[in-house]
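This report describes a single protein chain, going from one side-chain contact out to the overall fold. The sequence and structure come first.

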Amino acid sequence: MEIQISEFLISSTVVAKCPVPNKPEFAFIGRSNVGKSSLINLLTNRKSLAKISVKPGKTQTINHFEIDKKWYLVDLPGYGYAKTNKELRESFGKMIEDYLLLRENLYCTFILVDARLEPQKIDLDFIEWLGVHGQPLAIVLTKTDKLKRNELEFSKKRFFEKMNSIWETLPPIFLTSTVSKTGRKEILDFIGDAIKAQPKID
Ligand code: GTP
Ligand code: MG
């Protein structure tokens, strides 16, 4: 799938103020600074459609982009460095929790994880939380340009193994770099297929 027109629509702080949920929606979330906004710019082929952080925590609202008048792409704020599930929820806040659980047109949430780090508890907890609530998800390992090929293989394997020990069926895992512009086609094709596979919502 290719993207022709991408347009910023609205920043919301509550799910009730988000656009009418009449189009398939795909959201991007992950720890602060992991590269969510950069990935959205890569996918849409735009330099600064989503604002890129100089310091972590730049994105603090639910940001809707309309793609080709057909689907919504959403840039979510980063979650923090909490240790327990309760803290985790507090750190990403009721806003994101409500959004993820109540947004009826949400087809898939992409959870971005820094490819350089070993799987972090906060990410695994978040993935588990989404899974337990039955929400479709996919994993994106970001900033892969910062790793050598063998390091990346190792990192991917490490993440697969960690996920395997928790989950019966593994979610899709994508590898991306906004510097070497990799992973774009794979993610867009996945989104295109997901839109085709689902019944139309109106
Ligand atoms: P918040 O909105 O603060 O949660 O951050 P974010 O997850 O949206 O991250 P953002 O896209 O703003 O990127 C954070 C920093 O990482 C920026 O300095 C980016 O240039 C850098 N960055 C993002 N993606 C990549 C990548 O694939 N490779 C490299 N080398 N740097 C990246
Ligand atoms: Mg951001």
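With which side chain does the side chain of Glu 25 make a polar contact?

## Model and conventions

This is a predicted model, in which local features need pLDDT of at least 70 and side-chain atom pairs count only at pLDDT 80 or more, while totals for chains, interfaces and linings use all residues. Residues are numbered from 1 along each chain as its sequence is written, chains are lettered from A and ligands numbered from 1 in the order in which they are written, and side-chain values use heavy atoms, with hydrogens and water left out.

## Glu 25

The partner is Arg 103: its side chain and that of Glu 25 make a polar contact at 2.9 Å. A polar contact is a pair of N or O atoms within 3.5 Å; within protein, one must be able to donate a hydrogen and the other to accept it, and residues adjacent in sequence count only if both atoms are side-chain atoms.

Glu 25 belongs to strand E2 (residues 25–30). Helices (H or I, at least four residues) and strands (E, at least two) are DSSP runs, numbered from the N terminus. The relative accessibility of Glu 25 is 0%, so the residue counts as buried; the classes are buried under 20% relative accessible area, exposed over 50% and partly exposed in between, with a 1.4 Å probe and protein chains only. Leaving out residues up to four places away in sequence, Glu 25 touches His 64, Tyr 72, Val 74, Tyr 99, Arg 103, Asn 105, Leu 106, Tyr 107 and Cys 108, where contact means heavy atoms within 4.5 Å.

## Overall fold

Five helices and seven strands make up the secondary structure of the protein chain, in the order β-β-α-β-β-α-β-α-β-α-β-α from the N terminus. Of the 202 residues, 50% are buried. Among contacts between residues at least 6 apart in sequence, 76% join residues at least 24 apart. The accessible surface is about 10,600 Å², with 52% belonging to carbon and sulfur atoms; these areas come from the Shrake-Rupley method with a 1.4 Å probe, and for residues only the protein chains shown count as cover.

## Nonpolar cores

A nonpolar core is a set of buried Ala, Val, Leu, Ile, Met, Phe, Trp, Tyr and Cys residues joined through side-chain atoms within 4.5 Å. The largest one has 30 residues, and Leu 76, Tyr 99, Leu 100, Ile 111 and Ile 139 touch the most other members. At least two residues each come from E2, helix H2 (85–102), strand E5 (106–114), helix H3 (121–132), strand E6 (137–142) and H4. H3 supplies the largest share, six residues. A second, separate core of 25 residues includes Phe 26, Phe 28, Leu 49 and Leu 112.

The buried residues of H3 are Ile 122, Asp 123, Leu 124, Asp 125, Phe 126, Ile 127, Trp 129 and Leu 130. Just after H3, Gly 134 has a positive phi of about 70°. Beyond four places in sequence, Ile 139 contacts Ile 111, Val 113, Ile 127, Phe 159, Met 163, Pro 171, Pro 172, Ile 173 and Phe 174.

## Salt bridges

There are 11 salt bridges in the structure, each a side-chain nitrogen of Lys or Arg within 4 Å of a carboxyl oxygen of Asp or Glu. Asp 114 pairs with Arg 116, with the closest N and O atoms 2.8 Å apart. Asp 114 is buried at 11% relative accessible area, and Arg 116 is partly exposed at 35%. A network of salt bridges links Glu 7, Lys 23, Glu 66 and Lys 69.

Two further bridges lie within helices. Lys 157 and Glu 161, with closest N and O atoms 3.5 Å apart, are four residues apart in helix H4 (residues 149–164), about one helical turn. Lys 185 and Asp 189 come to 2.5 Å between closest N and O atoms, and both lie in helix H5 (residues 184–197), four residues apart. Lys 185 is exposed at 55%, whereas Asp 189 is partly exposed at 22%.

## Positive phi

Most residues other than glycine have a negative phi. Asn 33 has a positive phi near 80° and sits in the loop between E2 and helix H1 (36–44). Asp 68, with phi near 50°, is in the loop between strand E3 (62–67) and strand E4 (71–75). Asn 33 is partly exposed at 39% relative accessible area; Asp 68 is buried at 16%.
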